[in-house]
Amino acid sequence: MKRREALKNVALLLGGTVIGGSAFVAGCQSDRKKESQSDKSLFSEKDIEFMNEIGEVIIPTTDTPGAKAAEVGSFMAIMVTDCYDEEQRKTFVNGLNKMKNNFSAEYGHFFEEAKLDERTDYLNTLELEVETYYRQKKTEDPEHFYRMLKELTLLGYFTSEVGATQALNYIQTPGSYKACIPYEEGEKAWAIA
Amino acid sequence: MVTDLKKKENISSPNFSLKAEKKNSYDAIVVGSGITGGWAAKELCEKGLKTLVLERGRNVEHVKDYPTATKNPWDFPHRGRVPLEVQKENPVVSSCYAFNEGTEHFFVKDKEHPYEQVKPFHWIRGYQVGGKSLIWGRWTQRWSDLDFEANAKEGIAIDWPIRYKDIASWYSYVEKFVGISGNKDGIPHLPDGEFQPPMEMNCLEKHFKKSIEDNYSNRMLITSRTANLTKELPGRAPCQYRNLCARGCPYGAYFSSNSSTLPAAAATNNLTLRSHAVVQSVIYDEKNQKATGVRVIDTITKETSEYYAKIIFLNAGTINTTSILLNSTSERFPNGMGNDSGALGHYLMDHNYRGALGGSHNGFQDQYYFGRKPTGVYLPRFRNVGNDVQEDFLRGFAFAAGGSRRRGQETDAAFGAPLKEALTKPGVWDLWMTGMGECLPYEDNKVTLSKDKVDEWGMPIIKIDFEFKENEMRMLEDILSTGAEMLETAGFTNIEANDSHQVPGLGIHEMGTARMGRDSQTSVLNAHNQVWGAENVFVTDGACMTSNACQNPSLTYMALTARAADYAVNELKKQNF
């Protein structure tokens, strides 16, 4: 991926511009017909495990726990079910299934059973695919499944207990305010700015 | 004094002949328990009046009824986001900036209380004890004569019947009790008040302040005066810097009716608070030419009842207060109580908050902050002030702004440990900025009652017909260009300056529709907030406003309420009601 594209994507992820944006921030004025959201079984336990494993490649365990420990799989299932519209849900679910099958076809086993270098190779391919997709994407085209998954991974991880309290710095009740303090290179960011 | 009043009541009031009426009789009735209803209740109770507060919503007890107040981000299944289904069912309230998974229980859902939008107008409401004082923005800047004199000087609408000198001491009075942190900045048109120590600006805000003040002789950037405590007050702890105010504060560190005025009122033993009681109309005694009470509908049983008092304060919230007056017809007032002028319902205003700006700053990489400050910085009005004269528009605007350091640094890594590492470090600084534009009072921006549709309780459906007009739109251009220029001058990058096209109403500063004035032929209320022709009825919420300045309005409503309550009790003592 070209540096500029990569930066742009990360900036999008950081800036809170999340797919299903209209669904994720208050202010959605969609006039689509009311859809049933009662179907809470879009994802099986196996799917959730799969999403955990993909998430773990995006945010791995290092000196702090990774996406799997943050249970980003369950988080994704909740968000896709409750906060995506029908088209976005379809994109996500189809994309997840396609990834599962494509991976197995290419490597001869499931993603969950694959070694890290296989997983990394595959995600690199997906990153390139996403980059090409967004370069050509027309406004009315759907979002790309992998971008949705990556956004949900980052959102889910950094708002989870392990993400906020271990990877980041979270104090529930600061109790005092210091407007300007020195920042030493390497110190963790606040979980909530 | 309580005894005196009681004696008088028993001798003189015609309302006390029936048993039922006696049971339902008080010295004063306050309709609404929000930011002004709470103040009316406190003042009237403390002055010895047995006071009934009627609230249409449910009870919300301070601390006990703040179910989300101490939750962490991960305690919310959607991490704060509101599910799509909720949003689709609530296009109005879900467009409010403060509506989220942690606060939604304090907002009226669209279907619960329908109204008609003649033109798009998002009416944000909080029907519960405490009203919107639980979820308000807490920015509290005083008005000055620049604001009170503007209508008269420019020949717009009608003159305010009061000036700054009439309200200055009342600003001080309420500020001391509310607890407002702020700095004495010595700005003539944004007068200093009774402040607790200010919350300090962070390094980006300080940089922006210096840049603005070095480059523009008529502009200042100050710490917003805010109703968050930096020092304790009786029963209330100072701010703990969680910045979760709209969920309700378990420390009582921001001002709300629930944390502050209602407990003070209750401490007198003069307060009776009835929730689930919506006021249908004010009862008018044609013979004695005064109001005698209110008709109430129990929102659960739908039973109607009447309550009686010598003084009635309407604090139902701008549009609801006016709808009560419009619905209070009698032989004397065929078009609504106090409406000899025909002005009732007209001259609705909201602030124009469509100017949305922001930028990033690459400096200050060696600086950070501790704690989450629940306020920001304020750039007081500089247009059409002093030597500044604008040809394109009347009045002016202020900016609200705030700086913070972004989480996450730029990286080439698309995933894996390097991405994780980069995203756990603080990145560049960001500053947001919102223009807060004054809106002129126009006769055709109005609230009316439906002639054929009623709500669940038999109350006519409210119709809101509002739009921003040319003056507001011209001002918006200046908001965007001056704001962007100041950001550029201060070295910001990725500057955004956009018209958000936010629907009117979302300033949540609806005001006017029962304006104060100097005579009954052009206004609904006099200089003491009394309804013309029914002088024992007072309106001291946003409905009373004759113009809307560009300051956040609640402080002014509170000062007007305390002033009117003092006047009302003095008049009662003189037996003028």
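## Meet K420(B) and its chain

Setting aside neighbours within four places in sequence, K420(B) is in contact with I59(A), P60(A), T62(A) and A167(A); two residues are in contact if their C-beta atoms, placed from the backbone, lie within 7 Å. This is a predicted model, where local features need pLDDT of at least 70 and side-chain atom pairs count only at pLDDT 80 or more, while totals for chains, interfaces and linings use all residues. Residues are numbered from 1 along each chain as its sequence is written, and chains are lettered from A and ligands numbered from 1 in the order in which they are written.

**More on K420(B)**
- K420(B) is buried, with 24 other C-beta atoms within 10 Å (buried means 20 or more such atoms, exposed 12 or fewer, partly exposed in between).
- Helix 11, residues 417–423 of chain B, holds K420(B); helices are DSSP runs of H or I with at least four residues, strands are E runs of at least two, and both are numbered from the N terminus.

**Chain B as a whole**
- Chain B has 13 helices and 21 strands.
- Of its 577 residues, 57% are buried.
- The C-alpha trace of chain B spans about 80 × 55 × 45 Å along its principal axes.

**Around V31(B)**
- Again leaving out neighbours within four places in sequence, V31(B) has contacts that include G37(B), L54(B), V279(B) and I324(B).
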